[in-house]
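Let's take a look at one strand and a few charged pairs. Here is the model.

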Amino acid sequence: MKSIYALLFLCLFSFCKSPQPKQINIDELTISEIHQAFQNGDFSAEDLVEAYLSRIEALDSSLNSISITNPEALATAKKLDAEFSKTRKLRPLHGIPLIVKDNINTSGLPTTAGALALADFYPTSDAFIIQKLVDAGAIILAKSNMAEWAFSPMHSESSTQGTTRNPYNLDHVPAGSSGGTGASIAANFGTIGLGTDTGNSIRGPSSHNALVGFRTTLGLVSREGIVPLYLRNDVVGPMCRTVEDATKVLQAISGIDPKDPITHYSQGKASTNYTQFLKKDGMKGARIGVFRTLSEKDTDPEISALFNQSLKDMAMLGAVIIDSVEVENFDSLRRNQWCPVFRADLEKFLADYVKRDTMKTIRDVIRVGTTSEYARKGLESFVDSSLPENPEINCGDAFTDLKRIAFREAIEKVMDSLKLDALVYPSWNNKPAQIDRFQEEYLGDNSQLIAPHTGQPAFTVPMGFTSGNLPAGLQFLGKMWTEPTLIRLVYSYEQGTKHRKAPVF
């Protein structure tokens, strides 16, 4: 009789105990694969979130890429699972775990920009693009570390979290300032990621981490609710492992926002369906201009070899390669394009969102302090900065600033005359720097030189690897509002070369 009771007890215990989480291989999972798995019943959004959170807990100590995980991520996943169970319909990003750079407002989670001054700032509402992603079904999984105040294109060091490492080689930088997003998405800590780009900070970390990074036309995507660096240049965009996933993120976040007036320039120019341009044969007949003004500027021989091979690959895929292209007065046009507007932009953000009497000015930020010597010097440099008195530099947006317009027109004039679909060059001419020599080895950052000033779209995709297992990126620069063309080109190149591979760390 005792044995029967014991057997009944074991049976009851087995029914009552919580089921074990499903084992999911999350390496390199895409949105399409996840949605197929949901439909097949292979795993749920809750299972997926648990798998990513477990991976972050197990592995991020070596990367330091995540600043905080979202305690509500599992609850959100359960709600989305219940919705799908009831409707059998999936939203565009239904149940897709998202990693958000820590300068983008997320309600209920701190938005610190890596700074002690904002360490306890919890926004009361989501940024415009976060709300659009949530509406599309994305799950905010975590916030990612970044270069403090987004000052550094070189590395990603913050006072709140410390220094992020490159998952492909832990002694090297993931670039900045979106290095946390770059490292975490490369390491498969989430499905999709967001970065911001003032001069480099989407494309640099994407290049250094074998990712796809989209810097879109200024005005296509809202910057509302984002801690600014230079708002006149700032863009927010996807950082993903595939062009298809990046395109789906772009589809979700593009749109006119009354709180960001520059987005009104996209009226009638944005596509309602960017995914239609994902064509494997998209290189056929394309005219690609080689911009050797950048690609041959003190370039590492290994990067040069990868770049020249990429030209052969594009030709093999059906492109017509125009080698090379020159822009008249390029060096003079690109000079004096930067404007020191951080102080004004930051203080407006503090007034609009933080709303504290003790945190109104850049001097308040400096008073709180920083553990980063690099950030300290940056903050002090902006205390007395003012806009240039030279009337030729009006520090306006890309649609009204005469210097920016002249620079863009010179580039697009050449592209029009040669009937070019894009200009190409390496995203960086040199390998990722060593962390302990990040300033001395900061060389070859091409992303700073054109798109941030002209407003043009520039996408980077993996181009291969150099010695030391260090990734390199290929950049495609398009004319204003030509995201459909760039998507077609980068997708075809990606599918034809398959350079992306996951890190082992």
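## Charged pairs and a covered strand

Arg215 is buried, and so is Asp197; buried means under 20% relative accessible area, exposed over 50%, partly exposed in between (1.4 Å probe, protein chains only). This is a predicted model, where local features need pLDDT of at least 70 and side-chain atom pairs count only at pLDDT 80 or more, while totals for chains, interfaces and linings use all residues. Residues are numbered from 1 along each chain as its sequence is written, and side-chain values use heavy atoms, leaving out hydrogens and water.

The structure holds 27 salt bridges, each a side-chain nitrogen of Lys or Arg within 4 Å of a carboxyl oxygen of Asp or Glu. Here are some of them:

| Pair | Closest N and O atoms |
|---|---|
| Arg215 and Asp197 | 2.9 Å |
| Glu46 and Lys78 | 3.9 Å |
| Glu28 and Arg241 | 4.0 Å |

Glu28 and Arg241 sit in loops, so their pair ties together parts 213 residues apart in sequence. At 25% relative accessibility Glu28 is partly exposed, whereas Arg241, at 2%, is buried.

Now for strand E2 (residues 97-101): 5 of its 5 residues are buried. Helices (H or I, at least four residues) and strands (E, at least two) are DSSP runs, numbered from the N terminus. E2 runs parallel to strand E3 (residues 139-144), joined by 5 bridges, with Ile99 opposite Ala142. On strand E6 (residues 192-197), E2 pairs in the parallel sense over 3 bridges; pairing takes at least two DSSP bridges.
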